[in-house]
Amino acid sequence: MAAEVRPVGNPPLPPPILERGVIGWMHANLFSTWFSGALTAVSCLVIGAAAIFGINWILFNADWSVIATLGGQLVIGQYNTELACPGQNCFWRPQVSVLLVTLILGMMWGLAGGGLPKRMGIAVAVILSAFALLPYSFERMGMDVRLLLGANIPALGIGWAIARYTPLGTSRNVALSAVVVFVAILLLVRGGPAIPGLEPVSVRHWGGLMLNLILAVGGIAFSFPIGIALALGRRSSLPVVKLLCVVFIEVFRGVPLITLLFMSQVLVPLAFPENFPQNSLFRAAIVITLFSSAYMAENIRGGLQALHPGQAEAARALGLPSWQTMLFISLPQAIRNVIPAIVGQFIALFKDTSLVYIIGMLDVVEISRAFIQGNPEYLASTKELFLFLGLVFWVFTYSMSYVSRRVEENLGVGRR
Amino acid sequence: MEAQETNNGSEDIIICRDVHKWYGSFHALRGITTSIGKAQVVVVFGPSGSGKSTFIRTINRLEEHQRGQIIVDGIELTNDVRNIDAIRRDVGMVFQSFNLFPHLTVMDNIILAPMKVRKMPRDEARQVALDLLDRVGITEQSEKYPTQLSGGQQQRVAIARALAMQPNIMLFDEPTSALDPEMIKEVLEVMKELASSGMTMVVVSHEMGFAREVADRMMMFDQGSIVEDGSPEQIFENPQSDRTKLFLSQIL
Ligand SMILES: Nc1ncnc2c1ncn2[C@@H]1O[C@H](COP(=O)(O)OP(=O)(O)OP(=O)(O)O)[C@@H](O)[C@H]1O
Ligand SMILES: [Mg+2]
């Protein structure tokens, strides 16, 4: 700006051609020296060959029928089998759960008025509804199932309208609704002898992606506050509190999750009264949550340690008591600075939910493995099946990191 | 807030008696005895490491003293948390590095403490904040984030933030040392205005022009002690201690 005002001096010139546009970029990044040029050429050859080979295999050689055969089992495992729900169709219960989730996404969109929640909500609702069009026979995939899938688009709209036109549309109420929905989903999927129309379905029959998602969402939701509490405890000036937190964190970080899961079936019952209702899923969820909390605690502690001491000092000098200083000044900045680490932790947690196979639960990976084992005629399709599973996990984890990057941008992490 | 009226009729708002402070085995404050009257403006100066920051930070107990007595606004600083919080509410502090909260807007920086500590309703706190921003010469920046402001603007916001708690005493620890020359002036202007409004101020600073013009009193610190204490005229025209003479000859 200042340069335009100045009447004297040389006028600005455009940069030399080698530093501009596509050619400049390629010159700077790909062919700046003969070595990097050679590297670029070799890399292109390798990538090209891999792409040709990969696409050829995916389109012409691979046999994807195994995925169609497994179908809904990938999503809910053995949930809708005769063993799990004798004499009735239970498929609607997970489906209504999904509708509730879409409803919440719609509410988030209505609350935010656009942006990321809008794009996310629309993407999820459209993808889910698209499953209604799968070319299965109507015996295999009934009209009811298709309608419930298609209902995701109206559910999104209803959620949006609720947030827009009712008092539920505040951030606090949307957050509360999300908690209510999470509990409602657990009740809906579990059922209970006292609830008419909802025959209990033992958690032993919960499975597929549904199981991974329930464990991951529960683990994330609980490990975040527990992790914060542990991080604060570890910084506490009370020696007993500090010691307890250090021991907890180091124990849970020091033992492999698979070992913890195995032990959970023996150890968790000891921590609860004898007649406390519990089951293998509950125990696994507790162990996964605590395991993740320990890592979360260290992430948050790192964030707190990186803060300039002047921040807390300024707050204390204003007369804020130490807990308010923590709540309003230190924690928000600390968490904001470690969002990438926290999301990394959540992604790890999501992938780790597959380990529940060790206690006999049929998550999406285990059910696939068990299917191949039980149906040797599909043995040749193992690669297709597991490639597909990899893709499924990738879609979820990539969405998580995409959302986190957008959140980071909105919070202006770089702006310090 | 009306505490000073019942202060036994004494006009001294800060009283220090033989205050000692150690960092580990390092003796940082070595018996500070002084009292500062209401509405006095005291400029504290002295060589680096002489304990100036430590001294003013003991006044609102950002640092704890280990021996002696400090009475601020009629309340003695002890380990009693209620006393400490009460004093911090009435003593504002401005730091060399501003220490604004980067995750909050200028407005939220200012209204946070009045709302949380003084339980002031948001609308009232906002009004107070707007008046203060006007007073320190920053208008229409209230929804910006601190890093979007210049250093001088940030420091003036920090002053407004401290004033929003309606303190009786303001402490300044080298408020202009991190600023470019043209910004120093705008901050000093605000401080002059504050001094003329009758605020009790303790200012660590080497801005001798400011001291000469505004200070009622100057204190020279060296090695954890007050080596000279007097009016600006006396300090500049007729310093008693050789240390003061030497130090002033170096910086003037
Ligand atoms: N937290 C601390 N731990 C240990 N020593 C400290 C600490 N803070 C200050 N000191 C020491 O105490 C002495 C006085 O420090 P202080 O910060 O009060 O000096 P100052 O007069 O403000 O100096 P400056 O002009 O450099 O700010 C210095 O020697 C310093 O090294
Ligand atoms: Mg200092």
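Visitor: Which side chain of chain B has an N or O atom 2.6 Å from an oxygen atom of ligand 1?

Guide: A polar contact is read as a pair of N or O atoms within 3.5 Å. In this predicted model, the side chain of B:Ser48 provides the atom at 2.6 Å from a ligand 1 oxygen. The side chain of B:Lys52 places an N or O atom 2.8 Å from an oxygen of ligand 1, and for B:Glu174 the distance from a polar side-chain atom to a ligand oxygen is 3.2 Å.

Visitor: How much of the accessible area of ligand 1 does the protein cover?

Guide: On its own, ligand 1 has 620 Å² of accessible area, and the protein covers 58% of that.

Visitor: Turning to chain A, how are helices α6 and α10 oriented relative to each other?

Guide: Angles over 145 degrees count as roughly antiparallel. Helix α6 (residues 92-112) and helix α10 (residues 171-190) of chain A pack at about 175°, their axes 9 Å apart; α6(A) is therefore roughly antiparallel to α10(A). Among the residues in contact are A:Trp92, A:Leu100 and A:Leu111 of α6(A), and A:Ser171, A:Val181 and A:Arg190 of α10(A). This contact comprises 15 nonpolar, 3 polar and 2 charged residues.

Visitor: At what angle do helices α16 and α17 of chain A cross?

Guide: The axes of α16 (residues 322-337) and α17 (residues 339-352) in chain A cross at roughly 65° and come within 5 Å. A:Ile335, A:Arg336 and A:Asn337 of α16(A) meet A:Ile339, A:Pro340 and A:Ile342 of α17(A), a set of 4 nonpolar, 1 polar and 1 charged residues.

Note on methods: Residues numbered from 1 in each chain as written. Chains lettered and ligands numbered in written order. Predicted model: local features only at pLDDT ≥ 70, side-chain atom pairs only at ≥ 80, totals over all residues. Heavy atoms only, no water. Axes fitted to C-alpha atoms, helices over the stretch in contact; angles between N-to-C directions. Helix = DSSP H or I, 4+ residues; strand = E, 2+ residues; numbered from the N terminus. Parallel < 35°, antiparallel > 145°, perpendicular 65-115°, else oblique. Contact = heavy atoms within 4.5 Å. Nonpolar A, V, L, I, M, F, W, Y, C, P; charged D, E, K, R; others polar. Polar contact = N/O pair within 3.5 Å; in protein donor to acceptor, adjacent residues only side chain to side chain. Areas by Shrake-Rupley, 256 points an atom, 1.4 Å probe, with all protein chains shown as cover.
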